[in-house]
Amino acid sequence: MKMYFDKVKELVKKALPLELSSQEIQLEIPKDLSLGDIALPCFQFAKELRKAPQLIAKEISEKINPDGLISKVEAVGPYVNFYLNKSAVALDLIEKIKDNSLIPKTKNEKIMIEFLSPNLNKPLHIGHIRNGSLGESTSKILESLGNKVIRANLYNDRGMGVSETIYAYLYLSDKKEPDTKPDHFVGNLYVLFQKKKKEDPSLEEKAREILKRFEQNDPEIISVWKKLRKWVMEGYEETYKKFGYNFDVIYYESEIYEKGKDIVLDALKKGIFIKEDNAVVAPLEKYGLPNKTVLKSDGTTLYITQDIYLAKKKFEDFDLDKSIYVVASEQNLHFVQLFRICEMLGIAPVEKMHHLSYGMVLLPSGKMKSREGTVVDADEFFDEIKQLALQELSKRGKNDEELAKKIALSAINFYMLKIDPKKDFVFNPEESLSFEGQSGVYVQYTHARISSLIRKYEEIFRKLDLNKATIKDLTNEEEKMISLLTQFPNTVEEAATQYKPSIIANYLIKISETFNSYYHSTPILNSNNIETRILLTLIIKKVIEQGLQLLNIEPLEEI
RNA sequence: GGGCCCGUGGCCUAGUCAGGAUAGGGCAACAGGCUUCUAACCUGUGGGUCGGGGGUUCGAAUCCCCCCGGGUCCGCCA
């Protein structure tokens with residue numbers, strides 16, 4: 001698409017009156033593709049020329065002769081509309097499919113993206129799934145453009161929550177091996193502790209003692225801690241596999257929570273930080289932020305101290321161009337402060353760090369609270385959606401557990417990703433997730449339809465020689481489809497620069513809607529323009545396939 | 001109290017960063033469409049003060065200011 005924009009700019013430049021030759025030309029994509037592929041709004045010249053934009057549009061359009069890539073130039077009101085030569089554009093797309101360059105590999109950065117980062121005292125919930133979908137999808141999008149992405153996860157494997165499960169295991173349970181999924185088993189210990197604490201508030205103090213003993217390396221505590229931690233991690237691995245998350249690096253808070261002190265003290269010596277009531281403080285007021293304590297007055301570390309340490313370690317160990325954190329929007333301030341502090345310390349400029357902030361997943365009753373057990377468990381959630389998929393499949397005479405899983409995953413990932421990340425959303429278990437309309441399953445259905453077509457008429461498809469492809473006699477609908485298809489690479493780049501997989505999800509909806517409508521109205525195989533139609537269908541399939549993969553969804557050949 | 005985010009038909013949402021052509025979709029409702037390439041689909045109908053008010057502009061859902069509603073953060077917690 002960019003090359004087409006450049007081409008149009010060049011044409012417009014030549015047609016502009018002299019006094020405007022240096023002006024930057026603003027182009028846009030018309031809302032309605034039947035108005036053309038690229039539009040030049042002429043308001044931008046009206047002031048300088050002191051002429052009505054309608055008149056300017058007319059004059060410019062008359063000076064431009066269509067050639068090669070541009071098949072038609074037309075003034076409509078204050079706009080000059082440019083139509084691409086759809087056959088040429090479609091052939092170009094086929095070329096790109098042949099050498100697998102639909103998405104141009106124009107980037108080459110080393111990017112770390114940290115996501116999920118759960119507390120190791122309970123299983124993952126639906127909020128983690130939003131986080132995971134975003135993290136995994138953003139990774140894939142960045143990779144598709146040529147970047148090297150390192151997926152990182154930070155395990156919060158210490159602190160009060162973890163100590164409470166240790167206490168519950170030692171003193172409130174019969175110390176047996178897990179009889180359920182191991183992370184759920186540990187999560188149940190946590191819930192048990194919360195319940196008992198309500199009856200006996202002194203338990204809080206007892207859990208604190210566990211934490212103290214842990215920090216003093218008490219062998220009994222350490223061995224239970226190791227055991228519970230292993231169980232939770234085993235449970236997580238299973239869940240990751242189910243949802244398609246992959247990690248290259250796992251950091252453990254237990255290994256870094258005391259680190260960062262040296263960095264802070266060094267910065268204090270250099271006068272970057274200041275001392276306040278014997279604590280070390282990062283002065284951030286000049287940036288319009290509240291000051292941040294980075295070391296307690298008793299000399300012990302804080303959460304942010306280890307964050308500073310880890311941020312530095314990441315840049316040093318991996319020579320990163322960018323470090324991304326996928327964390328809920330509640331921590332917006334924390335990350336603004338962290339990034340600013342990192343810049344003050346010379347770890348990295350703020351531009352090299354990004355907080356991919358996302359809104360909360362709420363329940364109709366309000367916020368999820370793991371203490372009170374009002375959470376939607378990730379595994380149960382998955383199973384529920386899988387059951388729904390199974391029901392739908394059985395309506396169609398199929399009984400395929402594996403397929404049901406894949407459909408459930410498509411639905412979930414798409415549902416999580418199609419909404420703008422920063423928006424909160426209320427999850428209503430009964431009615432939220434749909435298999436029709438603007439859903440992952442709708443896109444999958446479109447893909448499966450095309451696949452079925454290809455499967456049924458394999459010989460025809462095999463006879464096609466992509467090297468001698470011709471595209472001819474395009475209908476209006478087909479031209480519009482090609483216009484949409486050319487926007488795919490831009491869509492991916494846009495999603496990457498904005499860290500918004502939702503842009504791709506919405507694009508896939510649009511392309512699926514267009515194709516389904518086309519499919520309904522136009523015979524593909526039983527027509528006199530079969531080659532052109534098959535080629536277009538192949539391009540659509542490829543675009544949907546790649547788009548779905550970027551959303552961490554496996555394209556299905558059949559549903 | 002201050003900062004940040006959200007507010008688009010009954011419900012969900014795109015468009016807001018980079019202001020432009022009659023504000024796109026989906027769900028639900030209603031009316032249609034399967035002996036023909038997958039009906040988890042398609043076609044049509046009704047339904048909108050883009051939270052409210054000012055301002056900037058030839059032009060505002062989009063930019064600026066004020067206000068209203070909701071969320072969230074502002075610990076020597078994690």
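The paragraphs below go from the overall fold to one helix and then to the RNA.

This is a predicted model, in which local features need pLDDT of at least 70 and side-chain atom pairs count only at pLDDT 80 or more, while totals for chains, interfaces and linings use all residues. Residues are numbered from 1 along each chain as its sequence is written, and chains are lettered from A and ligands numbered from 1 in the order in which they are written.

Chain A contains 21 helices and 13 strands, where helices (H or I, at least four residues) and strands (E, at least two) are DSSP runs numbered from the N terminus. Of its 559 residues, 39% are buried, a term for residues with 20 or more other C-beta atoms, placed from the backbone, within 10 Å of their own.

Helix 21, which covers residues 530-550, reaches 30 Å from its first C-alpha to its last. Because 15 of its 21 residues are buried, helix 21 is largely enclosed by the rest of the structure. Just after helix 21, N552 has a positive phi of about 65 degrees.

Turning to the RNA, 70 residues surround RNA strand B, and the closest are F43, D277, G437, A448 and S452; a residue counts as near the strand if its C-beta atom, placed from the backbone, lies within 6 Å of it. Among the elements giving two or more residues to this surface are strand 1 (38-41), helix 2 (43-49) and helix 20 (502-521), but helix 16 gives the most, with nine residues.

Conventions
Buried ≥ 20, exposed ≤ 12 C-beta atoms within 10 Å, placed from the backbone. Expected span 1.5 Å × (residues − 1).
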